[in-house]
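Visitor: I am new to this structure and would like to learn how to read it. Please take me through the features one by one.

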Amino acid sequence: DARKKELAAGAYCFLVESVFDVLALENHGFESCLAFCGSQMNFDQMLDMIRCIRNPILLFHNDKAGEEGAKKVKKLAETCGFFELKLQKKNLLYTK
């Protein structure tokens with residue numbers, strides 16, 4: 001409940017493709033992470049995200065599936081009238 005309140009109040013939340021991405025980010029100290037399974041995201045899930053998270057940061061894999069998922073989520077977000085997504089390609093490496 002405390003995390004929900006923080007997110008509703010404007011805390012940033014990293015939305016990533018898979019549970020493994022969540023684990024990797026949490027392993028590096030990022031606490032607000034959720035897996036949304038980008039290629040499976042639907043209209044209702046997008047509306048839930050809009051209601052619950054004020055500052056989402058969506059991260060996709062830098063591969064063909066990630067690019068397709070990003071385009072799908074961008075279209076969903078714009079259909080919902082939530083925000084305009086700008087897609088940027090970046091390579092992020094997890095290092096210890």
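Guide: We start with a term. A residue counts as buried when its relative accessible area is under 20%, as exposed when that area is over 50%, and as partly exposed in between. Keep in mind that the model is predicted.

Visitor: Which elements does the protein chain have, and in what order do they run?

Guide: Reading from the N terminus, the order is α-β-α-β-α-β-α. That makes 4 helices and 3 strands.

Visitor: How are the strands arranged, and in what order do they stand in the sheet?

Guide: The order in a sheet is read from the pairing of strands, and here it is β2-β1-β3. The 3 strands form an open sheet with parallel pairing. At the edges are β2, residues 33–35, and β3, residues 55–59, each of which pairs on one side only. From one strand to the next, the twist averages 30°.

Visitor: How many bridges join β1 to β3?

Guide: There are 5 bridges between these two parallel strands. Strand β1, residues 12–16, also pairs with β2 in the parallel sense, over 3 bridges.

Visitor: Which residues stand opposite each other?

Guide: Take L15 as an example: its bridge partner in β2 is L34, and in β3 it stands opposite L58. Another pair is C13 and P56, the latter in β3.

Visitor: Which residues of β3 are on its covered face, and which on its uncovered one?

Guide: P56 and L58 make up the covered face of β3, while N55, I57 and L59 make up the uncovered face.

Visitor: Which strands does helix α2 touch?

Guide: Helix α2, residues 19–27, packs on the sheet and touches β1, β2 and β3. To read its orientation, compare directions: that of α2 makes about 165° with that of β2.

Visitor: F20 is found in helix α2. Is F20 buried or exposed?

Guide: F20 has a relative accessible area of 68%, so it is exposed, the cut-off being over 50%. Together with V19 and L23, F20 makes a nonpolar surface patch of about 350 Å².

Visitor: How does one read contacts for the protein chain as a whole?

Guide: One looks at how far apart in sequence the touching residues are. Among contacts between residues at least 6 apart in sequence, 56% join residues at least 24 apart. A separate reading, by distance between C-alpha atoms, can be made for I50 and G81: they are 31 residues apart in sequence and 9.9 Å apart in space. I50 lies in helix α3, residues 43–52, and is partly exposed, with a relative accessible area of 23%.

Visitor: How many salt bridges does the structure hold?

Guide: The structure holds 1 salt bridge. E67 forms a salt bridge with K71, and the closest N and O atoms are 3.5 Å apart. Both residues lie in helix α4, residues 64–80, and are 4 residues apart, about one turn of the helix.

Visitor: What is the relative accessibility of E67, and what is the relative accessible area of K71?

Guide: For E67 the value is 32%, so E67 counts as partly exposed. K71 has 47% and is partly exposed.

Visitor: What does the accessible surface of the protein chain come to?

Guide: It comes to about 6,900 Å², and 54% of that belongs to carbon and sulfur atoms.

Conventions: Residues are numbered from 1 along each chain as its sequence is written. This is a predicted model: local features need pLDDT of at least 70, side-chain atom pairs count only at pLDDT 80 or more; totals for chains, interfaces and linings use all residues. Side-chain values use heavy atoms; hydrogens and water are left out. Two strands pair if DSSP finds at least two bridges between them. Axes are lines fitted to C-alpha atoms, for helices over the stretch in contact, and angles run from 0 to 180 degrees between N-to-C directions. Contact means heavy atoms within 4.5 Å. Patches are made of residues with over 30% relative accessible area and no salt bridge: like charges are joined within 9 Å, nonpolar side chains (Val, Leu, Ile, Met, Phe, Trp, Tyr) within 5 Å. Accessible areas come from the Shrake-Rupley method with a 1.4 Å probe; for residues, only the protein chains shown count as cover. A salt bridge is a side-chain nitrogen of Lys or Arg within 4 Å of a carboxyl oxygen of Asp or Glu. Buried means under 20% relative accessible area, exposed over 50%, partly exposed in between (1.4 Å probe, protein chains only).
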